[in-house]
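The following exercises concern side-chain contacts and solvent accessibility. Each task sentence is followed by a worked solution.

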Amino acid sequence: MPIHHAPLSRRRGRPAKGTPAARDAMLGAALHGFARKGYDGTGLRQIAEEAGVDPALISHQFGSKFALWKAVVDEIALRLAAARQSIAELHEGPGSTEERVREGLRRFITANCDIPELAKFLSDEMSQPGERQDYILREIWDPYQDAMLPLLREARADGLLRHDGSPELTLMMVMGAVMLPLLMMRRRGLSAGDEADLSRRLLSDVLPMVLPA
């Protein structure tokens, strides 16, 4: 179930109360709002207006803004689950260590590029220690580490990691190298073609930071 939201300029009637479409609209509008204005700067009334629903429906469905925020994180984690599983399957898969590590990093980078608001949303929340940061670490970052670190540890054992860095630090550096360009470029507004080109550039430029060309 992808997270998405209709552009603000599109008004095609309200989604029927209690339907999956209404829930998707609320989650998509919430992600868009939290990524654009932050948690404190986004109100339930604003989210309801963008989603095309009555504010009372958000309260009925989720109970509170924090519960809605957690539902957004849960939906992101669900959307990323397939990518994490595909990375985990490389642990014992065929191919050399270098081939499997390259493919794992490719899947990791691509998954982060596939959710447009993810970089802004995570960068804001990860900069603020507290309950929300802890929730993101537990639901999104820790599962990603569980998927990627075995591959990076193999790479280090085989002498493949540049500078013989720790796998944990290497993964953080990869995440930073992906998120900052996504954050800065998407602030400018990108077309679908620009998005695809940015994803390709990140793949070609970030991988050599970790493994020899």
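**Exercise 1.** With which residue does Arg-100 form a salt bridge, and how far apart are the closest N and O atoms?

*Solution.* The model is predicted, so local features need pLDDT of at least 70 and side-chain atom pairs count only at pLDDT 80 or more, while totals for chains, interfaces and linings use all residues. Residues are numbered from 1 along each chain as its sequence is written, and side-chain values use heavy atoms, with hydrogens and water left out.

Step 1. The criterion for a salt bridge is a side-chain nitrogen of Lys or Arg within 4 Å of a carboxyl oxygen of Asp or Glu. By this rule there are ten salt bridges.

Step 2. The partner of Arg-100 is Glu-154, with the closest N and O atoms 2.7 Å apart. This pair links distant parts of the chain, as Arg-100 belongs to helix α5 (residues 97–113) and Glu-154 to helix α7 (residues 131–157), 54 residues apart. Helices are DSSP runs (H or I, at least four residues), numbered from the N terminus.

Step 3. Accessibility is classed as buried (under 20% relative accessible area), exposed (over 50%) or partly exposed (in between), using a 1.4 Å probe and protein chains only. Arg-100 has a relative accessible area of 8% and is therefore buried; Glu-154, at 25%, is partly exposed.

**Exercise 2.** What separates Arg-107 and Glu-103 in helix α5?

*Solution.* Step 1. A salt bridge joins the side chains of Arg-107 and Glu-103 at 2.7 Å, N to O.

Step 2. The two residues are four residues apart in helix α5, so about one helical turn separates them.

Step 3. Arg-107 is partly exposed because its relative accessible area is 23%, and Glu-103 is partly exposed at 22%.

**Exercise 3.** Which helices hold Glu-168 and Arg-153?

*Solution.* Step 1. Glu-168 and Arg-153 form a salt bridge whose closest N and O atoms are 3.0 Å apart.

Step 2. Glu-168 is in helix α8 and Arg-153 in helix α7; the pair, 15 residues apart, links distant parts of the chain.

Step 3. Relative accessible area is 29% for Glu-168, which is thus partly exposed; Arg-153, at 43%, is also partly exposed.

**Exercise 4.** Why is the pair of Phe-34 and Tyr-39 stacked?

*Solution.* Step 1. Rings of Phe, Tyr and Trp (its six-membered ring) pair if their centres lie within 6.5 Å; planes under 30 degrees apart count as stacked, over 60 as edge-to-face and the rest as tilted. This rule gives five aromatic pairs.

Step 2. The ring centres of Phe-34 and Tyr-39 are 5.7 Å apart and the planes lie at 25°, so the pair is stacked.

Step 3. Phe-34 is buried at 1% relative accessibility, as is Tyr-39 at 13%.

**Exercise 5.** Which residues do ring pairs link into a cluster with Phe-66 and Trp-69?

*Solution.* Step 1. Phe-66 and Trp-69 both lie in helix α4 (residues 65–88), three residues apart, which is about one turn of the helix.

Step 2. Phe-66 is partly exposed, at 23% relative accessible area, whereas Trp-69 is buried at 0%.

Step 3. Phe-121 and Tyr-135 join Phe-66 and Trp-69 in the cluster through ring pairs.
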